Amino acid sequence: MALKHNGSALALSAMLATVAGFGGAPLAAEPVLSPLVAMPVAAPNPVRGADDKIHLAYELTLINQSQLIVGIEAVDVVDAVTDQVIQHLDWKAVDAQLRLNSREEGNVMAPANSGYLFMDVTFAADAKLPPVIAHRFQLSVKSTKPDADGPKPPSSISFRGVPVSVGAPAVVITPPLKGPRWVVGGGCCATISYHRGATLSINGQVHVAERFAIDFVQLSDNGSLASGPAAALASYRYFGAEILSVADGVVAAIHDGDAEEVPGKLPEGKSIDNAGGNYVVVDIGEGHFAFYAHLQPGSLRVKQGDHVGQGQVLALLGNSGNTDTPHLHFHVMDGPSPLEANGLPYAFTAFEGEGVVREEAPLFTDGVVNIDASALAGPHKDQLPLNLEVVSFP
Ligand SMILES: [Zn+2]
């Protein structure tokens, strides 16, 4: 089956973005000396979420390149052509979405501090997305030496810039699993999940390969993961579930031979090379690669170069690599390397929403999860399931 994309209007607007002069040129901004540098890690691709909103999830690398103390009081995301405000982040929202590399908290960056601002810009399902967005920053500024002689810095600085192109819409694929009550662990988009927060600098460049990654675990009939001792693989009913190819493609990479880990704690000594344990990467076309990780040793049914069909069994769900519970780690990326890649969004053709897990802690402590059964409930088509959603696949 050929790949299809959701939202043909989006595809059109993305295409037109490359046509010079469409809809007017992006507004020129007054040049303002800015103590803050903001750079997108990658241009975002829109995806329709299970909340029926279109999400643009991306990150801005922020560097305070000045000797001033910079408070980020507000960030407006604007249409780069019309200047219409799409989303407003006040200082509290900045505080929640900013992760400083110094590990300090808040919306204030000391001199030379850097970090990432995790953006989740949303649009109505029928919205026509702008081809380019830009950002208006409002900063408060303080000197580190307020009593020193000489010129004083202004107390506030505002600038507009940081254009970001809106890319092609998410690829639509079939789910990698079958059956009821799979929990979307570490999913998109509003929270800085452990997947999205994995802003890895590899060979000097930042990669967020896991931006849209999901860890799938399946709830048992009583709402827990294990139906027996937590350290026994056999306690997890879904251990050994068949992993299905989400599209037609060609196997680009595999790894096999890593032993199962004992559930209940993360193993020691895992590096970037063996974090995924046994895995399969399938080139599904148009610059998209699907990554399936933590597979059972010896369960891989494909080898590099094999052509696979949509729905074909690739391997069995396991607990190899950097994992403390049997699960399928799944993501889509723009190259064959699982981590040295840019994470791309995707939508599943069909799934049923069974609610959203209220508290994720029981998932990690062998407890029974509490589910808000009405949240995101019902049938979904061509959407990305969102963080902690419970979904059933056909
Ligand atoms: Zn994962």
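The questions below turn to the metal site and then to the aromatic rings.

Biologist: Which protein atoms are the donors of the zinc ion?
Modeller: The model is predicted. Donor distances to the zinc ion run from 2.1 to 2.8 Å. The donors are His195 (NE2), Asp215 (OD), Asp215 (OD) and His329 (ND1).

Biologist: Is the site of the zinc ion tetrahedral or irregular?
Modeller: Four tetrahedral donors would ideally sit at 109.5 degrees. The cut-off for that class is that all angles lie between 85 and 135 degrees. Here the 4 donor atoms give angles of 51 to 151 degrees, so the site is irregular.

Biologist: How many residues apart in sequence are the parts that aspartate 215 and histidine 329 tie together?
Modeller: The donor spacing along the chain is H-x19-D-x113-H. Aspartate 215 lies in strand 16 (residues 214–218), and histidine 329 in strand 23 (residues 328–333). The pair therefore ties together parts that are apart in sequence by 114 residues.

Biologist: Is histidine 329 buried or exposed?
Modeller: Buried means under 20% relative accessible area. Histidine 329 has 5% relative accessibility, so it counts as buried.

Biologist: What kind of aromatic pair do phenylalanine 137 and phenylalanine 159 form?
Modeller: There are 12 aromatic pairs in the count. In this one the centres are 5.1 Å apart, with 10 degrees between the planes. It links strand 10 (residues 132–143) to strand 11 (residues 156–165). Planes under 30 degrees apart qualify, so the pair is stacked.

Definitions and conventions. Residues numbered from 1 in each chain as written. Predicted model: local features only at pLDDT ≥ 70, side-chain atom pairs only at ≥ 80, totals over all residues. Heavy atoms only, no water. Donors = N, O, S within 2.8 Å, 3.2 Å for Na, K, Ca; no water. Tetrahedral: all angles 85-135°; square planar, octahedral: opposite > 155°, others 65-115°. Helix = DSSP H or I, 4+ residues; strand = E, 2+ residues; numbered from the N terminus. Buried < 20%, exposed > 50% of the residue type's maximum accessible area, 1.4 Å probe, protein only. Phe/Tyr/Trp six-rings, centres within 6.5 Å; stacked < 30°, edge-to-face > 60°.
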